[in-house]
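Keep the structure open while reading.

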Amino acid sequence: MRSSLFSRRTIRQGAISAVGSAKMKLLFGCCMLLTLIMLASRTAAPYGGWNRYDVSPRGSSLPRKGYTLLINTWKRNDLLKKSISHYASCPGLDSIHIVWSEPNPPLKSLIKFLNHAIKVNSKDGRDIELRFDINKEDSLNNRFKEIKDLKSDVVFSIDDDIIFPCATVEFAFSVWQSAPDAMVGFVPRIHWVDKSYNGQAAYIYSGWWSVWWTGTYSMILSKAAFFHKKYLSMYTNEMPSSIREYVTKNRNCEDIAMSFLVANATGAPPIWVKGNIFEIGSSGISSLGGHIERRSECVNHFVGEYRGMPLVPTSVKAVDSHYTWFW
Ligand SMILES: *[C@@H]1O[C@H](CO)[C@@H](O)[C@H](O)[C@H]1NC(C)=O
């Protein structure tokens, strides 16, 4: 490498004045070398390069508390099998709770399959608990029912049709550990004040393009988010029952209701984590017509319930610096 760097001398000779040109070249060479080392270590880092600087808690002797996968499913056992098999391999996973609202209880064959998949895929024989939370009533509020004997302090709430790589999930988990009161997740949404609306402020719910265009968001959807388990109990026991009734009746907006609850409790915005989403199912309710209008109605209804807008907009985005090139 040295010889190839210094052979540039002849090419650059004309451009740099004779005085100090050797220093310049040395500087240039050093820069090149540093860049190469950086690139090499960046590529190697996720696979254990630069182990001397490994400060991950897995290396320490303190037992690390993990998270609970709270997965919402509806008559899509194939998707459920796929996602549970995948998440079982994530190192921080403590337990799996499946929110089951179908009229028939889960089949024995399904339970057997899942238990086997967890055993096969979990790392170093870790014991991952599998639980079905069976609901009699079919309501979207089921997804946020209080779980009394939860092993971990935090749930990773997820839909059955999207998958995130374990590294992404664990990164979001570490972001949550830095801000345990916040909702931390991958799907941001924003609300706007409707300027065309006369009189009282009315709000518009806006989708991904709006977030992308402005870089601003005020909600993180519970289809892929970490939040403290205390919010489950608040949703079930403390949130005004009129909001739960609205969610059941309209079959929509339980995630917006949760965003309002957390924002009202903390007075702070949620945290968006960068991550690649892999969709394994067909498109869901969000692709149906009239979706944005119905979501906006929910926002305005909840603003009425809270007597104001608790959601706080932000443009903070958490990014794993292992995978970024510039700082
Ligand atoms: C919002 O938070 C305040 C303060 O914690 C609480 O008193 C109030 O009941 C909450 N509002 C709703 C609608 O839950």
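A cavity here is a set of grid points where a 1.4 Å probe fits but cannot get out. Its volume is the space filled by probe spheres set on those points. The model is predicted. On that basis, the largest cavity holds about 80 Å³ of space. The search of the whole structure finds 2 cavities of 30 Å³ or more.

**Largest cavity**
- The lining of the largest cavity counts 14 residues.
- S259, V262, A263, A268 and P270 are the lining residues closest to the centre of the largest cavity.
- Two or more lining residues come from each of β9 (219-220) and α10 (254-266).
- α10 gives the most to this lining, with 4 residues.
- By type, the lining of the largest cavity has 10 nonpolar residues, 3 polar and 1 charged.

**Open sheet**
- An open sheet of 3 strands runs in the order β8-β7-β9, with antiparallel pairing.
- β8 (203-206) and β9 are the edge strands, and each pairs on one side only.
- Strand β7 (residues 188-193) is joined to β9 by 2 bridges.
- Across this antiparallel pair, R189 stands opposite M219 in β9.
- Strands of a sheet pair through backbone hydrogen bonds, either parallel or antiparallel.

**Helix α9**
- Which residues of helix α9 (residues 241-250) are buried? They are I243, R244, Y246 and V247.
- Seen down the axis of α9, these buried residues fall within an arc of 155 degrees, so they line one face of the helix.
- An α-helix has 3.6 residues a turn, so residues three or four places apart point the same way.
- E245 and K249 are exposed on the other side of α9.
- The cover over the buried residues of α9 includes α8 (230-238), α10 and α11 (291-306).
- Just after α9, R251 takes a positive phi of about 50 degrees.

**Loop residue P105**
- Where does P105 lie? P105 is in the loop between β2 (93-100) and α5 (108-121).
- Why does P105 count as exposed? Its relative accessibility is 57%, and exposed means over 50%.
- P105 and I134 are 29 residues apart in sequence. In space, their C-alpha atoms are 7.3 Å apart.

Key. Residues numbered from 1 in each chain as written. Predicted model: local features only at pLDDT ≥ 70, side-chain atom pairs only at ≥ 80, totals over all residues. Heavy atoms only, no water. 1 Å grid on protein atoms, 1.4 Å probe; cavity = no way out; pocket = protein on both sides within 12 Å on 5 of 7 lines; lining within 4 Å. Nonpolar A, V, L, I, M, F, W, Y, C, P; charged D, E, K, R; others polar. Pairing = 2+ DSSP bridges. Buried < 20%, exposed > 50% of the residue type's maximum accessible area, 1.4 Å probe, protein only. Arc of directions from axis to C-beta. Contact = heavy atoms within 4.5 Å.
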